[in-house]
Amino acid sequence: MSIALTAADISRALTRISHEILERNGGCESIVLMGIPTRGAFLSQRLANLIEAIEKTEVSVGTLDITLHRDDLRLRPIRALVPTLAPKGGIEGKDVILVDDVFFSGRTIRAALDALGEMGRPRSVQLAVLVDRGHRQLPIRADYVGKNLPTSRGEVVKVRLSEIDGADEVLLEPEGSK
Amino acid sequence: MKHLLSASDLSYTEALTILDTAAQMARVSDGPIKKLPTLRGRTIVNLFFEDSTRTRISFEAAAKRLSADVINFSAKGSSVSKGESLKDTAQTLQAMGADAVIIRHSASGAPQRLADSEWTSGVVINAGDGTHEHPTQALLDAFTIRKHLKVGVGDLSGLTIAIVGDILHSRVARSNVILLSLLGAQVILVAPPTLLPLGVENWPAQISYDLDAILPHIDAVMMLRVQQERMNDFFFPTAREYSHYFGLNSDRLALLKKSAIIMHPGPMNRGLEITAACADSARSVIVEQVANGVSVRMAVLYLLLAGAPNENVESGEILS
Amino acid sequence: MTRYLLEGATLPDGAKSQILISGGVIVALGESILHPDANSAQRIDVNGSIVLPGLVDLHTHLREPGREDSETVASGSRSAAVGGFTAVSAMANTFPVADTAGVVEQVFRLGQAAGLCDVFPIGAVTQGLAGKALAELGAMADSEARVRIFSDDGNCVFDPMVMRRALEYVKKFDGVIAQHAQDPSLTVDAQMNEGSVSSKLGLKGWPSVAEEAIIARDVLLADHVGSRIHICHLTTAGGVEIVRWAKARGIQVTAEVTPHHLLLTDECANSFDPIYKVNPPLRTESDVMALREGLADGTIDIVATDHAPHPAESKECEWSAAAFGMIGLETALSIVQLAMVDTGLLSWSQVADRMSHAPARIGRYADHGQPIAVGSTANLTFVNPNVAWRVDRDLVLSRSKNTPFHGMELPGKVIATFFRGEPTVLNSILVRGLRAI
C-alpha cells in the first residue's frame, strides 16, 4: 500500500482546479457544481468554498445521486438511495461541473449525464475529478484532474476525506484488497 | 426479502428504507421528466382477480415510471372467470417471462400460495388478499403520516393514530397495525365489538368503542370503508346507528387537534363512515394518499427488482 | 386353507408369544407352541413387533360411489390394510348418498370383492343428508350391510327434533347415531379455527362453541330418550369436558378423536397451505393437550381417522377454494404412537382398546376387536415401534395424496396385517388385492 496523495497534495490540487474552473468559465456566474455522493459531494462543497473565497460571491452547489441511472444495477445487490440536493437556481442553461473523487471506467459519469438530463438542459457539462486512474470503458474525458494516477486494473484506489474518514489522503492498495 | 406479502415481512430498517426511497421517487414524479431507466427490460404483471382500478393504475404508473413493461391481467372476462385456476394462470404468466407479479385476490393467502409454489419464479407483491393484508397501502399511509407530521424524516414514534371501522374484515387495518406500530406509533382501533376480531387484544394496538373519547388525543384518524351488506350479517343494526357512533362528521371534526389529519384508503362511502365535509376538509389527505401510493410503489419495485436476483443485501446497508 | 405360525411378536401386555393361525382363527398361543398344525404352518417372522387386534376405523371416507377420482372402496381398502386396519366404516356422504339399502349393499359388496378388510357402510341419518327427513334406517339395518352406525357426517343433524327422533328410532335395532357436531349458522363459510391465528390471517373463523353447543344438546337428548350417541371427531377441550360430564351422569355417549387432532394445531395455517384445511379444523395447543388427556383417561373412547381423500386440484389452490380433509389410514397408528405412546400417555394395551376393542364394540362388529386369544378370529396387526419411516405422499396407496405429514419421519411401522386369518400385508408391503382399478 502506498500513499498517492497526502493531505497537502489534495489541498493544492483542489486550489489549482478551482482556479482552472474560474479561468475556463470566465468567473463563477454561470457555473453550478454538482457533486456525486459520497465523496464527490464533499469535494464539490470544498471547491465551492474555495471559489467563493476567491470571487467573494456565492456559488451554486448541489448533489446528484446516480444510483437509479446505473447500468449495472442487475449485477449487484440493491443500494440505498442518497438524497439528491438540487442547486439553487436549477441547472437550466448553466455550465454544470460534475465533481467526483475517482475517475475510472466512466460509467458513473455516463449515469450522471442521464440523471442531469432529467433535471433540465444545461448549457454545458464539465467534469472535475480528484484522481484519474485510467482504464476508461466509455468515450468520456475529464476537464479538470487533480492527479493522474496510473494503476493496474486490479489495484484499489482509496480516497479518504476528513469530512467522513477523519483524514485526507489517497491510498493505492494492491490487488485483492477490500 | 424476496417478496412483499405482509407488513410483517419488513424489518424496522427495511420499512424506513422504503419510505426514504419513496421520498426520492416522489422527486422524480415532481420533475419535468417522470421517467427513470431503472427497471428497463423488466416485465411486471398486474394479476388482479378482484376489481380495483385505483390500485392497479397506481402500480402500473409506478412500474412505467421506472421503465418496466407492464402487462395487465384482470379476472373479468378472462379465462379465470371460466374456471382457470390460480395455478394455471400463474404458470401461463411465468411462461411469458414475468419478473414480478403484483397480485390482488379475494382469497386470503393467495399471494403466499403463489410465492411458495413453483408456479412462478418472479417476485410476488401482495396488492391486497382477502381480509388478510395490503402492505403497500400501509406503506403509503405511513409515508403520508410521516410527511405531514414528521417533516418526512425518520419513524413515527410519538404519534397516536386511530383506525376506525370494520377492523374484522379489513386488510388495510391488519397491515397498518403491524407497520405503524413497528415504526413506533401508538395505534388505537375503534369499532363496535362485532367488528373486532377475536384475539385483537393481543395485537400491538389499543381498543376503544368510543370514538368521541379518543379523537382529541390522536394525530391522525384513518377511516375505513364499511359495507352496507354487513347489516345483513348482524354486525350492526342500521347504517344510521353505525354512523351515529362511528362516523366522522363535522361535530367530530371539531374534536380533533388542529394538526390532526384525516385519512381513508378509499373507496369511500360518503355519508356512512365519513361525511362529505370531512372528506373534503383541509385536514383531509385522502387525495394525497393516492399520489403517495405511486411513489411508495416505485420504491417497493425498485428495492425488490432492480438488483441482482435473490441478493438484496449490500454490506448490511439496507435490506437484511 | 393355509396355516401360519407367526414368530417373534410381543403381546400388548408385554409377553412374548408365537401365534398359530388356522382356518381364519387363532388356534394356539404361547412362547413355544406345541400343536399338531404347527408343523405344516407357513412360518412368518414378525420379530420386534407388537401384535394388536386388527385395527378398526369407525370413520373413513371411501368416496365410492360418485367420487372415484379421489378414492374407491378397493384403493381405500389397500390403504387401510397397509395402515394395519382390518375393518373400516365407510361414511355415507357419497354420490348418491348412502341413505338406502341399495347403496349400502353396493358399498358392502365392493368391500367384499376387494377382500382386504371388512367394509362396514355407515348409513345416512337423513335423506340426502339434508337434515329434514329420516332415511330408511331400518331397511339399512336389515340389509346385507347390517348397518348399525348412522351419520350425516359432512353435515350436522341440526334440527333438534330430527335428532331426537333419530336417537329414539335406532334403539329398535341397537343402532347408534354418530353426530358431526357443527352449528351451521355459526360456521357459514368458516375456514379454520376461530382464534388469534385466524384473526391475523384474515380467514373466517370456526368457533369451538359451534361444536360444543351441539355436543351438549345431543348428550342431553340421548339422555332424555335413553339412547346411545357417538360424537365424531372431537376437537376441543370444552367438548372433552362435556363428554366427561355426560359419562359421569351415566349417559351412553362415546367419542372419537382423529390422529391429526392429536398432533397439529391451527398454527399450521400460517403457511396458508390448505393441506392443513380440515373440518372440524385444527385447534389450539391447549385443545390438543386436552384431547390427549381425554383419550388417555378414556373420556374419548376411540381413535378414528376421518380419512378424507381429495384430488390434487382441490388442494393446489388458495385456502378458501380448497376442500376440507386429510387422508390418514396409512399414518394413523404412527401418529398415535408419536402423540400418545412415546409420550407415556397410552400403553400398547390401551392402544389396542382405543383402536380395536372399543370401535368394534361401538359398531357391533363381532369379528373384530376380539382379545388375542385362542378361538378369536385372526384379525391381527403387527407393528414394529422401533422402526421409523418417512412419509412420502407419492408412495401412498390411497388414490389421493393429501397428507399433512409428507416429509415427516414417523415412528412405528406396520409390518404385517392379517385379515380373517390371511395376510394382507407382509414386510410392510401389500400382498393381496394388487389389481389396479
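**Chain architecture and contacts in a predicted three-chain model**

Of the 178 residues that make up chain A, 39% count as buried. As with everything described here, this value comes from a predicted model. Chain A contains four helices and eight strands, and from the N terminus on these follow one another in the order β-α-β-α-β-β-α-β-β-β-α-β. Along the principal axes, the C-alpha atoms of chain A occupy a box of roughly 45 × 40 × 30 Å. The radius of gyration of chain A is 16 Å, which agrees with the value near 16 Å that a compact globule of 178 residues would have. Among the contacts in chain A with a separation of 6 or more, 68% are accounted for by residues 24 or more positions apart.

Turning to chain B, the model shows eleven helices and nine strands. The radius of gyration of chain B is 19 Å, close to the 20 Å given by the globule rule for 320 residues, so chain B is as compact as a globular protein of that length. The box filled by its C-alpha atoms, taken along the principal axes, is roughly 55 × 45 × 40 Å. Of the 320 residues in chain B, 52% are buried. For contacts in chain B with a separation of 6 or more, residues 24 or more positions apart contribute 76%.

Chain B is divided into domain 1, covering 7-134 + 290-305, and domain 2, covering 136-288. The C-alpha centres of these two domains of chain B are 25 Å apart. Their contact draws 25 residues from domain 1 of chain B and 24 residues from domain 2 of chain B. On the domain 1 side, the elements of chain B that give two or more residues are H1, S4 and H11. By class, that side of domain 1 of chain B comprises 13 nonpolar, eight polar and four charged residues.

The buried residues in H2(B) are Thr55(B), Arg56(B), Ser58(B), Phe59(B), Ala62(B), Ala63(B) and Arg65(B). In an α-helix there are 3.6 residues a turn, so residues three or four places apart point the same way. The cover over the buried residues of H2(B) includes helices H1 (12-30) and H11 (286-305) of chain B, together with strands S1 (43-48), S2 (69-74), S3 (100-105) and S4 (123-129) of chain B. After H2(B) comes Ser67(B), which has a positive phi, near 70 degrees.

Chain C, too, is divided into two domains: domain 1 takes in 3-50 + 375-430, and domain 2 takes in 54-363. Taken over C-alpha atoms, the centres of domain 1 and domain 2 of chain C are separated by 26 Å. Their contact involves 28 residues from domain 1 of chain C and 40 residues from domain 2 of chain C. On the side of domain 1 of chain C that touches domain 2, strands S16 (380-390), S17 (409-419) and S18 (422-426) of chain C each supply at least two residues. S17(C) gives the most to this side, with six residues. The residues of this side of domain 1 of chain C divide into 16 nonpolar, nine polar and three charged.

Within chain C, strand S6 (residues 55-60) has six of its six residues buried, so S6(C) is largely enclosed by the rest of the structure. S6(C) runs parallel to strand S7 (residues 85-90) of chain C, and four bridges join the two. In one of these pairings, Thr60(C) has Ala90(C) in S7(C) as its bridge partner.

Finally, the contacts between chains can be considered. Two pairs of chains touch, and the pair with the most contacts is that of chains B and C. There, 17 residues of chain C are in contact with 21 residues of chain B. Helix H5 (residues 196-201) of chain C provides the largest share of the chain C side, with three residues. The side of chain C that touches chain B consists of six nonpolar, seven polar and four charged residues. Chain B also has 21 residues in contact with 17 residues of chain A. On the chain B side facing chain A, H1(B) gives the most, with four residues. The residues of that side of chain B divide into ten nonpolar, seven polar and four charged. Between chain A and chain C there is no contact, and their closest C-alpha atoms are 28 Å apart.

Technical notes
Residues are numbered from 1 along each chain as its sequence is written. Chains are lettered from A and ligands numbered from 1 in the order in which they are written. This is a predicted model: local features need pLDDT of at least 70, side-chain atom pairs count only at pLDDT 80 or more; totals for chains, interfaces and linings use all residues. Domain bounds come from an automatic or database domain assignment. Two residues are in contact if their C-beta atoms, placed from the backbone, lie within 7 Å. Ala, Val, Leu, Ile, Met, Phe, Trp, Tyr, Cys and Pro count as nonpolar, Asp, Glu, Lys and Arg as charged, and the others, Gly among them, as polar. A residue is buried if 20 or more other C-beta atoms lie within 10 Å of its own, exposed if 12 or fewer, and partly exposed in between; C-beta atoms are placed from the backbone. The radius of gyration is taken over C-alpha atoms; the globule rule is 2.2 Å times the number of residues to the power 0.38. Two strands pair if DSSP finds at least two bridges between them.
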